[in-house]
Amino acid sequence: MAATEARRASDEEYDVIVLGAGPTGENLADRAHAAGLSAVIVESELVGGECSYWACMPSKALLRPVTARSEARRVPGLKEAADVPLDAPAVLAHRDAFTSYWKDDGQVRWLDSVGIDLVRGQGRLAGPRRVVVDGGQVLTARHAVAVCTGSRAVLPPIPGLAAARPWTSRDATSAKAVPGRLVVVGGGVVGVEMATAWRALGASVTLLVRGDGLLPRMEPFAGHLVAESLAEAGAFLRTGVEVREVRREAPGGAVTVELDSGDEIIADELLIATGRAPRTDDIGLETVGLTPGSWLEVDDSCRVTGVTGGWLYGVGDVNHRALLTHQGKYQARIAGAAIAARARGVPILESDPWGAHAATADTLAVPQVVFSDPEAASVGLTAAAAERAGHRIRVVDQDLAAVAGASLYADGYRGRARMVVDLDREVLLGATFVGPGVGELLHSATVAVAGEVPLERLWHAVPAYPTISEVWLRLLEAYRG
C-alpha cells in the first residue's frame, strides 16, 4: 500500500507501528521492512523530523559558511579575499534549501519507494499493540510498537520567560533575519553553535552560562578553546550567572534579561538552550501503565522495560541514552533487528554486548561533533568519566598545531588532541579533538574505541603524511615514551 493510500485507510493491522517519522523512526521502519515485516509510520508534523528541519541540517547549513570563511582567512592567497562580511541573505537561503523549504515531499517519496506506509496525524497508544490516530483510525501491531517521537526544548521556570516568547532551538535555526542583539542562555552544543552562527552573521551575541565554562560534557579544554574563539569573534561570554527574570513589554519589542547579580541585558531576541524533554506527554502512555511525559526506560535492544508482553520499544531521544541523531539511527538499526528476530522466534544475542541486538555504543562509544569554530569532536569517555567508572587510566595530550598537516591546513592553527587509555587492557576508552576540521578525524577514533583496538595494533595504522591525522602517531609516540 502506498503512503497516500494509508492515510485514507480506516483500520489497519501491521507487524510494526512506528510513532514518529524522524530519522530514528524512518530507520527503524526501514530495518523492519527489510526483514520482511510490514510497517507503518504515524507522524503529526513533517516526515524527516527535527533533524531535517530544525536541528542538524539547518544548523550546519548556517555554520558551514562561518567555518569556511574562518579557515580561508588563515590561508595565504585567500586571506584578503575572505576578510569580508558573510552575505547573510545568501546564507539563510542556503539554509532554507537544506530544509527543503520546510516541505517533506521528498521524504514521503522515499517512504513510498521502500514500501513503508504513512499515516498523518497524532498517534496515541490505546492499550497493548493498539494506536489510535486523531481519535479515529485504529492501527494494530502484530509484533511491536516503537515510540520514536524525539524530544523538545524545555523552558526553565524563570519569571516572565514564557510571556516573552523566547527562541528555542527551532526558532534559532529557522529565523528569517539576523537579530541585532541576541542573548543565548546555555553553554551546551545548541548554545555554542547558535552563538557561533549568529555572531558571524552579524548579531551582537551575549552568551550566559550558569556553570564555569562551555561544553561541560566534553574535556575541559574543548570548552576553553571554543570560548577563546568566540571572544575573539566578538561574542560576550559570562559564566557563573543565572537569569532571574525576563521582560518583553510589547510583542516584537526588545527583551530585558535580568541576572541574579542585578545586571540587566537588553536584546532583540533571547535563545534558551538549557535542556530537552521527551515528546511522550500526549501519546497515550497511561494506557499501558507508563507516565505521560516521562523518559522511557529501555534495555539494550531498546525494548521498554515494565510493559507486559515486551511489545513496546522506545528508540532515539525518548529513552535518554544519547540524544543525537546518529545514535537514534544506530538504536533504530539495533531495535529493528531485535523486533525482526523476536518476530521470527530467533534468539536475541543478549550475551554479546557488541552483537546485532545490543546498543552498546550508547554507553561506551558515542561520537559527537560540535560544529563551532574551532570544531570540537569526541567519542567515548572523558578522563573524568573514565575515572568515575573505576578505570585505571592514562591521559595523553598532543598539541595539534605541532602536526605538519595542521600547519598546512591554516596559518596559526590552534588545537589539541587527547586520548584516554585503559591501562589494564591497553585500549582507548575515549578521544577528544579540538581544532579546525577535526570533525573528520573522529571516525577513526570511534573505530578504535568501539573496536577496542589494542594500542600495539594501532601503532601499525600508519597515518598519511602530511595530514592532521598524523596526530595519532604523535599520541602513540607519547604513550610509548
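The structure is a predicted model, in which local features need pLDDT of at least 70 and side-chain atom pairs count only at pLDDT 80 or more, whereas totals for chains, interfaces and linings use all residues. Residues are numbered from 1 along each chain as its sequence is written, and side-chain values use heavy atoms, with hydrogens and water left out.

View 1. A salt bridge is a side-chain nitrogen of Lys or Arg within 4 Å of a carboxyl oxygen of Asp or Glu. Side chains of opposite charge can pair when their charged atoms come close. The structure holds 33 salt bridges. In one of them, the side chains of R414 and E232 meet at 2.6 Å, N to O. This pair links distant parts of the chain, 182 residues apart: R414 belongs to the loop between α14 (404-409) and β20 (416-422), and E232 to helix α10 (residues 220-232). Helices (H or I, at least four residues) and strands (E, at least two) are DSSP runs, numbered from the N terminus. R414 is partly exposed, with a relative accessible area of 38%, whereas E232 is exposed, at 55%. Buried means under 20% relative accessible area, exposed means over 50%, and partly exposed lies in between (1.4 Å probe, protein chains only).

View 2. Because D397 lies in strand β19 (residues 393-399) and R416 in strand β20, the pair ties together parts that are 19 residues apart in sequence. D397 is partly exposed, with a relative accessible area of 31%, and R416 also counts as partly exposed, at 28%. R418 forms a salt bridge with D397 as well, the closest N and O atoms being 2.6 Å apart. R418 lies in strand β20 and D397 in strand β19, so this pair ties together parts that are 21 residues apart in sequence. R418 counts as buried, at 13% relative accessibility.

**View 3. The surroundings of E193.** E193 is found in helix α9 (residues 189-200). With a relative accessible area of 3%, E193 is buried. A polar atom of the E193 side chain lies 2.8 Å from the backbone nitrogen of F371. Apart from neighbours within four places in sequence, E193 is in contact (heavy atoms within 4.5 Å) with S59, K60, L63, V369, V370 and F371.

**View 4. Strand β6 and its partner strands.** Strand β6 (residues 137-147) is mostly covered, since eight of its 11 residues are buried. Two strands pair if DSSP finds at least two bridges between them. Strand β1 (residues 11-19) pairs with β6 in the parallel sense over eight bridges, and D11 stands opposite V138 in β6. Strand β5 (residues 130-133) and β6 run antiparallel and are joined by four bridges; the bridge partner of R130 in β6 is T140. In the hairpin of β5 and β6, which has three residues between the strands, D134 takes a positive phi near 50 degrees. Strand β16 (residues 312-314) runs parallel to β6, with three bridges joining the two, and A146 stands opposite Y313 in β16.

Notes: A polar contact is a pair of N or O atoms within 3.5 Å; within protein, one must be able to donate a hydrogen and the other to accept it, and residues adjacent in sequence count only if both atoms are side-chain atoms.
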